[in-house]
Amino acid sequence: MINPNYISGYVDGEGSFLISFSPREKLLIGLEARPSFSVSQRKDRSEVLNLMKSYFGCGAIRYSKRDQTNRYEVRGLEDLIKRVIPHFKNFPLLSSKNKDFKLFCKVCEMMRKGEHRTKKGLVKIIDIALKMNINGSRIYKKEFLLSKLKI
């Protein structure tokens, strides 16, 4: 069994909490919000990803051609709320990544309540998500995301 503190330390260095967005014409609101937790590691050093997958009991490990790493990822809202979030509340991150985690929790809770299905709620989620991972790359700018909202 993997030490829960080790997981938190590892995620502090190699993990991320992210809210991504995809325009979806078929959706009534026009935009899909997708929370995800992921940890990446080079293929030759990714044994710990299997341990994490076993520990959390959910998610998948995928190979990323973009950066040539293996990535353990949890995308299901229920798994995030019932398995991933409680772990990091019990074994907190020590770096500034904890700020992103707290924002991530807020968005997941909003989504659990269905707020991502309203324009007002999705605008709030976009605002929160843009405060996360400020040094990361973004595919879409806020103006573009807002322009895709319907209703």
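I took helices (H or I, at least four residues) and strands (E, at least two) as DSSP runs, numbered from the N terminus. With that convention I began in helix α3, where K82 and E78 both lie, 4 residues apart, about one turn of the helix.

**Basis of the entries**

I worked on a predicted model, in which local features need pLDDT of at least 70 and side-chain atom pairs count only at pLDDT 80 or more, while totals for chains, interfaces and linings use all residues. I numbered residues from 1 along each chain as its sequence is written, and the side-chain values use heavy atoms, with hydrogens and water left out.

I checked the confidence next; pLDDT is the predictor's confidence in each residue, from 0 to 100. The protein chain has a mean pLDDT of 93, and 99% of its residues reach 70 or more. Among the elements of the chain, I found the highest mean in helix α3 (residues 77–90), at 98, and the lowest in helix α6 (residues 142–148), at 90.

**Entry 1: salt bridges**

I counted a salt bridge where a side-chain nitrogen of Lys or Arg is within 4 Å of a carboxyl oxygen of Asp or Glu. Searching the whole structure gave 11 salt bridges.

I then recorded a salt bridge between D79 and R83, whose closest N and O atoms are 3.5 Å apart. These residues are 4 apart in helix α3, so about one helical turn separates them. D79 is partly exposed at 26% relative accessibility, and R83 is partly exposed at 37%.

Elsewhere, I found R75 in a salt bridge with E73, with 3.2 Å between the closest N and O atoms. E73 is buried, because its relative accessible area is 10%. I also noted a network of salt bridges that links R24, E32 and R34.

**Entry 2: strand β4**

I looked up the pairing of β4, taking two strands as paired if DSSP finds at least two bridges between them. Strand β3 (residues 60–64) runs antiparallel to strand β4 (residues 69–74), and 5 bridges join them. Strand β2 (residues 31–42) is also antiparallel to β4, joined to it by 6 bridges.

Which residues pair with R71 of β4? I found R62 opposite R71, and S40 has R71 as its bridge partner.

β3 and β4 form a hairpin with 4 residues between them, and in the turn Q68 has a positive phi of about 55 degrees.

Is β4 enclosed or open? I found 6 of its 6 residues buried, so β4 is largely enclosed by the rest of the structure. Both faces are covered: T69, R71 and E73 are buried on one side, and N70, Y72 and V74 on the other.

**Entry 3: D12**

I located D12 in helix α1 (residues 4–14). For charge, Lys and Arg count as positive and Asp and Glu as negative, while His and the chain ends are not counted. D12 is buried yet has no salt bridge, and the nearest side chain of opposite charge, K97, is 5.5 Å away.

What does the side chain of D12 meet? I applied the polar-contact rule: a pair of N or O atoms within 3.5 Å, where within protein one must be able to donate a hydrogen and the other to accept it, and residues adjacent in sequence count only if both atoms are side-chain atoms. The D12 side chain makes such a contact with the side chain of S95 at 2.5 Å. A polar atom of the D12 side chain also lies 2.7 Å from the backbone nitrogen of L94.

With contact meaning heavy atoms within 4.5 Å, I listed L93, L94, S95 and K97 as touching D12, leaving out residues up to four places away in sequence.

**Entry 4: H116**

I placed H116 in the loop between α4 (97–112) and α5 (119–129). H116 counts as buried because its relative accessibility is 16%. Its contacts, apart from neighbours within four places in sequence, are I29, M110, M111, L122 and I125. The side chain of H116 reaches the backbone oxygen of M111 at 3.4 Å. I noted finally that H116 and I29 are 87 residues apart along the chain, with 8.7 Å between their C-alpha atoms.

Definitions and conventions:
Buried means under 20% relative accessible area, exposed over 50%, partly exposed in between (1.4 Å probe, protein chains only).
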